[in-house]
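Please read these comments with the model open beside you.

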Amino acid sequence: MMLIGLAGYLSGYDGTFPFQKPGDRYEQHNYIGMRGFCAFLGSCLVPFAYLTVLELSKSLPAALLTAFILIFDTGCITLSQYILLDPILMFFLMGAVLSMVKCNSCADRPFSASWWFWLSLTGVNLAGAMGVKFVGLFVVLLVGLNTIYDLWDLLGNLSLSLSCYWKSIKSVLQDCVLPLVLGGYEGRESYLKPLIIEVTYKRTSTSVYVKNLAYGSVVTMKNLRMAGGYLHSHWHLYPEGIGARQQQVTAYLHKDLNNLWIIKKRDSDADLSDPSSPVEFVRHGDIIRLEHKETSRNLHSHQHEAPLTRKHFQVTGYGINGTGDSNDFWRIEVVGRKAGKLIKVLRSQVRLTHVATGCMLGSSGKTLPKWGWEQVEVTCTPYLKETPNSLWNFEDHINPKLPNISLDVLKPSFAEILLESHMVMIRGNSGLKPKDNEVTSKPWHWPINYQGLRFSGVNETDYRVYLLGNPVIWWLNLVTIGLYLLIAVSTAVTLKRGVQLTSERKELSRVVLRGGGQITLGWLLHYLPFFMMSRVLYFHHYFPAMLFSSMLTGITWDTLLKFCTGFLSPSATARKVYGGGFLALVLLIIYSFYLFHPLSYGMIGPMASDPSSPMAGLRWMDSWEF
């Protein structure tokens with residue numbers, strides 16, 4: 001996002017366009033620089049893939065075929081011409097893969113200038129990929145597995161001294177740490193632990209805080225579960241049939257006035273804000289009330305079942321102007337403290353036990369339906385197991401009668417910030433849910449090009465752009481994956497049986513098993529994890545994997561044609577067959593692009609479902625909606 005912002009700033013964009021949905025008119029806003037930047041990075045995928053395949057296969061036709069596939073794929077064109085994160089992600093991803101294979105090619109001259117250059121560039125690209133999107137982790141895994149294989153291979157090289165071997169390991173480890181250090185938060189720093197936020201980002205205007213918790217203070221409480229959210233309430237009630245019809249209490253992931261609560265004694269309504277009244281501190285074991293500042297209702301629980309979590313109790317806001325009943329009382333306790341000890345803001349991990357039922361206040365982590373504004377469910381759990389879900393931190397603490405101290409004394413370690421930021425990315429990605437009327441998809445849809453995504457225009461009077469891969473290319477890629485597996489297994493069996501091969505066929509076998517194996521592993525790492533994700537998924541999530549399948553197509557068909565023509569003689573005939581096969585693939589790709597290019601560059605007129613539409617004959621699947 002910062003790279004897009006930089007491109008906009010340099011090209012005169014004023015930062016006022018809301019970017020609510022694809023297809024909105026930019027009007028007077030200067031967007032050319034941002035779109036040009038994304039399009040430039042998208043266009044770099046072609047030379048990156050070309051050079052990667054050329055390095056792995058040492059075959060110019062294989063590299064050219066890969067380049068043709070990416071040049072004439074309607075999906076890559078469409079994705080690259082909009083202001084999106086995907087072309088930036090794929091740029092760094094392909095940059096990392098190219099740098100990795102180039103570094104591998106320098107294995108015979110370790111610690112040379114070229115070796116250090118490509119190793120360093122690999123680290124920079126990995127950091128860029130993780131900084132753009134958390135799925136950049138998949139290419140980190142790819143490079144990591146490749147590195148482990150190479151180090152294992154080097155261990156068997158007896159001409160290499162152990163000191164040189166350990167120096168290689170140290171250099172590679174330093175390179176792999178870089179993406180973890182530089183990988184970004186994806187804009188989710190508000191989910192970090194309170195201590196990290198307040199100290200690292202200096203959110204308070206004076207960089208000071210009140211040290212100990214006191215009665216009458218206005219506070220916010222944050223759940224210690226990763227991205228657990230702030231204790232929150234609002235005027236809306238639980239709907240009929242969902243426990244008692246009382247005020248909702250939830251966990252909210254952002255700063256908000258409805259996160260503010262007043263700490264009061266269990267049996268006193270005295271005005272603790274009076275400057276003349278003495279300050280009384282809250283201590284471990286005290287029984288307190290928490291009054292919601294905006295609605296003046298007390299934090300309350302009872303034996304009605306929670307909205308989503310079975311056998312947990314409902315938590316509500318109850319009472320009028322702070323007056324409620326005995327179900328409003330909570331015992332506050334600090335983990336690892338003795339009775340009577342003071343409670344420290346930001347540092348103390350506290351649990352709130354409901355006096356009447358004995359349950360503990362916690363966040364289940366489950367997202368409430370629309371009636372709960374898709375916030376996180378808060379429950380009172382009768383299972384008294386101490387987990388981050390049932391532990392809380394006091395973050396904001398407002399009490400004008402208390403002195404402030406500097407936050408600098410609480411500065412967290414770099415390791416704490418690093419671990420928390422990456423856990424936040426994992427939690428943030430896994431919790432994404434679809435919006436209303438949003439077109440989502442399943443991972444099995446993607447390789448078969450089952451369903452596209454409408455980028456702009458919804459009817460025949462609109463100028464429509466539709467994200468869909470070139471069907472011929474995508475189905476060719478899919479067939480190639482199966483074909484490659486057959487060739488790879490046959491080649492491995494042949495070598496294992498000790499069959500004598502010519503030097504040319506030995507080289508082809510190396511390309512199939514080593515080069516094709518690396519690319520296939522990249523495809524698997526960028527595709528299979530999506531089957532295990534609970535978050536909302538979209539068609540564009542497959543495009544990084546599609547880059548690998550396209551490179552595999554170039555390598556596989558080039559190898560297959562060479563294997564087949566190896567049985568032909570004279571060599572002139574073999575060259576003609578090889579050239580004819582290559583030319584047929586290229587012409588098929590170009591012709592399919594000619595048919596489907598309006599998907600990327602815009603269509604107008606009747607929808608393809610209308611027989612009078614010029615695109616009607618190209619609607620090969622009923623699920624395509626262009």
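Predicted model: local features only at pLDDT ≥ 70, side-chain atom pairs only at ≥ 80, totals over all residues.

1. **Annotated segments.** The UniProt record, an unreviewed entry, lists "transmembrane region" for residues 32-53, 60-82, 116-145, 472-495, 511-530, 542-565 and 577-597. Two of these ranges can be set against the model. Residues 60-82 are 83% helix and 0% strand, with the end C-alpha atoms 31 Å apart. Residues 542-565 are 96% helix and 0% strand, and here the end C-alpha atoms lie 34 Å apart.

2. **The largest nonpolar core.** It holds 88 residues. The members that touch the most others are Leu65, Met94, Tyr542, Phe543 and Phe548. Helix H6 (residues 86-105) gives the largest share of this core, 12 residues.

3. Another core, of 28 residues, lies apart from the largest one. Its members include Ile332, Ile343, Val378 and Cys380.

4. **Tyr542.** What does Tyr542 touch, not counting residues up to four places away in sequence? The partners are Trp446, Pro447, Trp474, Trp523, Tyr527 and Ser549. Tyr542 is also among the core members that touch the most others.

5. **Ser592.** This serine is found in helix H15, which covers residues 571-596. Is Ser592 buried or exposed? Its relative accessible area is 2%, so Ser592 counts as buried, the cut-off being under 20%. Leaving aside neighbours within four places in sequence, Ser592 is in contact with Asn470 and Val472.

6. **Lys58.** Most residues other than glycine have a negative phi. Lys58 is not a glycine, yet has a positive phi of about 55°. Where is the place of Lys58? It is in the loop between helix H3 (45-57) and helix H4 (60-71). With a relative accessible area of 53%, Lys58 is exposed, because the cut-off for that class is over 50%.

7. **Glu374.** A positive phi of about 55° is also found at Glu374, again not a glycine. The loop holding Glu374 runs between strand E11 (360-367) and strand E12 (376-381). Glu374 has 40% relative accessibility and so counts as partly exposed.

Note on methods: Residues numbered from 1 in each chain as written. Heavy atoms only, no water. UniProt positions renumbered as here; feature names shortened; annotations may be inferred. Helix = DSSP H or I, 4+ residues; strand = E, 2+ residues; numbered from the N terminus. Buried < 20%, exposed > 50% of the residue type's maximum accessible area, 1.4 Å probe, protein only. Contact = heavy atoms within 4.5 Å. Core = buried A, V, L, I, M, F, W, Y, C linked by side-chain atoms within 4.5 Å.
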